[in-house]
Amino acid sequence: MKSLKTKRPYFYILPALLFISLFIGYGIFRAGVESLGSNGSMFVHYTALLSSEEVYKTVRISLYVTVTSTLLSILIGLGITRLLYRFFTSVKWKYIVWVPIIIPHFVAAYLVFILFSQSGLLSTVLHGVNGFGLPFPLVNDQGYIGVILTYIWKEVPFVVLMLLPIYQQIDQRFEDVVRTLGGNTWQVWKTVELPWVGPVLLETGLIIFAFVIAAYEVPALLGVTYPKMFSVLVYEWFYEGSWENRPLAQALMIVLTVVMVISSLIIITISKRWKKQWAKEKIK
Amino acid sequence: MKRLFKYGLYTIILLFLLLFITFPVVVLVTKSISAGWTFPHLFPQFFTLRGWELLKSNPEIVEAIYTTVIIAVSVVMLNIIFALPVAKGISHYHFRGKTVLETIFLLPILVPSLAIAMGLHLTMIRLGLSDKLIGVILIHMLPTLPYSIRMFKAGFDQLGIKWEEQARTIGVKRLRVFWTVTFPMLAPNIRSVALLSYVISLSQYALTAIIGGGVVTTLPMIYYPFFNSADQMVIAAFSIVFAILPILFLMVLEVFMKIYVHIVKR
């Protein structure tokens, strides 16, 4: 009986674990195999990536779009949560936050398109003012502004939903202590909120970053043909011509996977340590 | 005075948030029924349901709605079946390797799913899973399962073990405890998990295109070529369909949950 009891959690976990490790493990393994060169020079496709000007531009634009979208979503989401978390406990208002969540990314992209494209609503309003509409494109533009706007609209509610339960757990008396000791809002943030919110903020940022850097749906609609973001370039390579660029596509995705796994492990470790350290201090 | 100011500030922020979220949706709905609302006309020329009628009379779209809903509902059910036990195990037990496992369960949304789909492509063809619903359903598990596990874990964390223990001490069998106590008490989490995995499944283009091989025609497969087509009314109406489907699903789910609780109570 005892042995069953200690083994029980493993039984609960096994089906999903098998499914995930099989899919990810085997998928990445196959992609890795297919990314290798056939005769002699195993890493020929990887060296091809390194010397490609297009790949370099893709890395740059992908990082720029991802970092900007992630940081802005986190900052705006954090700001909204901090201001409104007391309000959201009683009021049913919080359900409006769910609206962008149930709208698919490509529909959000269409919303950005009808509002901010050259023939969109903003341009139309400006046309009434200046006679020609938007002076420069905001959608399908070199700066990927439309893509970033879409991600912000979609991810800010996600940040709010991740942070809301944490903020509602924070004991109000901690803030009162800091305030009575003469602390200002910055000190309340640093000593009361950050230890609770920080680890979750890191994880949320990581999830958004990982999603945006590898997502195809939005940049395929609102991006430009040059430079392309990772997934758009890879998707194109994957289906181009007689599949001759497939190994190149697999190689680029393997590189991205390796980078994402390593940076995820680092960030999750930091987040876990942070949580643990705080738990210890609470006991003291 | 300061209090009044603070409430004024809250109201302004809330109104701004409301505008930020709902304004684009209002424009979208208006767009689906307005003719000639294009640059440089600031207002629609006239209103018509033509966009909706064109959408309704397209047999490809009606067919795709069925396919999409079948896939999404299967994804939801598989998510509940796989994620519930994992969340229970992680939340209510301490065991070796738990932190490592938690990280592994997060991996599907950290590793590019495109890489996995491309890697599995040939194998899926070989196994006969490609170009079929089942292959698409399975690949849609990747972007959904981590969220489901996380949301159920939050539910189990909040529930604690006291309810289950109480039922167990009065001699109720483990499986019965689950169906009569745990499952109904997790209703809010089931609702969130179902809604989110449904929406995520609905939002997949690249994964469906690769594994479905262009044969499994879900709504996004049709939406993408539509996006740059001329008729804005039709695309706007099409976009709204994507928002209606989760709402309908939620309503049906609500009815099922009511019936379930009713049966269990007897």
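Student: How many residues does the contact take from chain B and from chain A?

Tutor: The model is a predicted one. Both chains give residues to the contact between them. The counts are 58 residues from chain B and 66 residues from chain A.

Student: Which element of chain B gives the largest share of the side that touches chain A?

Tutor: Several elements of chain B give two or more residues to that side, among them α3 (59-92), α6 (133-159), α9 (187-202), α11 and α12. Helix α1 (2-32) is also one of them. The largest share, 11 residues, comes from α1(B).

Student: How do the residues of the side of chain B that touches chain A divide into nonpolar, polar and charged?

Tutor: Tyr and Pro count as nonpolar in this division, while Gly counts as polar. On the side of chain B that touches chain A, two residues are charged and eight are polar. The nonpolar residues number 48.

Student: Is A:Y12 buried or exposed?

Tutor: A:Y12 lies in helix α1 (residues 2-35) of chain A. A residue needs 20 or more other C-beta atoms within 10 Å to be buried. A:Y12 has 20 C-beta neighbours inside 10 Å, so A:Y12 counts as buried.

Student: Which residues is A:Y12 in contact with, leaving aside its neighbours within four places in sequence?

Tutor: With those neighbours left aside, the contacts of A:Y12 are with residues of chain B. They are B:P85, B:V86, B:K88 and B:G89.

Student: What separates the C-alpha atoms of A:Y12 and A:P247?

Tutor: Along the chain, A:Y12 and A:P247 are 235 residues apart.

Student: Why are α11(B) and α12(B) described as roughly antiparallel?

Tutor: Helix α11 (residues 219-227) of chain B and helix α12 (residues 232-265) of chain B pack with their axes 11 Å apart, at an angle of about 155°. Angles over 145 degrees count as roughly antiparallel. The pair α11(B) and α12(B) is therefore roughly antiparallel.

Student: Is the crossing of α11(B) and α12(B) left-handed or right-handed?

Tutor: The angle between these two helices is about 155°. The crossing of α11(B) and α12(B) is left-handed.

Student: Which residues of α12(B) meet α11(B)?

Tutor: From α11(B), the residues that take part are B:L219, B:Y223, B:F226 and B:F227. The residues of this contact divide into seven nonpolar, no polar and no charged. On the side of α12(B), the residues are B:I235, B:F238 and B:F242.

Student: How many helices does chain A have?

Tutor: Chain A has zero strands. Its secondary structure comes to 12 helices.

Methods:
Residues numbered from 1 in each chain as written. Chains lettered and ligands numbered in written order. Predicted model: local features only at pLDDT ≥ 70, side-chain atom pairs only at ≥ 80, totals over all residues. Axes fitted to C-alpha atoms, helices over the stretch in contact; angles between N-to-C directions. Helix = DSSP H or I, 4+ residues; strand = E, 2+ residues; numbered from the N terminus. Parallel < 35°, antiparallel > 145°, perpendicular 65-115°, else oblique. Left-handed = near helix turned anticlockwise from the far one by under 90°. Contact = placed C-beta atoms within 7 Å. Buried ≥ 20, exposed ≤ 12 C-beta atoms within 10 Å, placed from the backbone.
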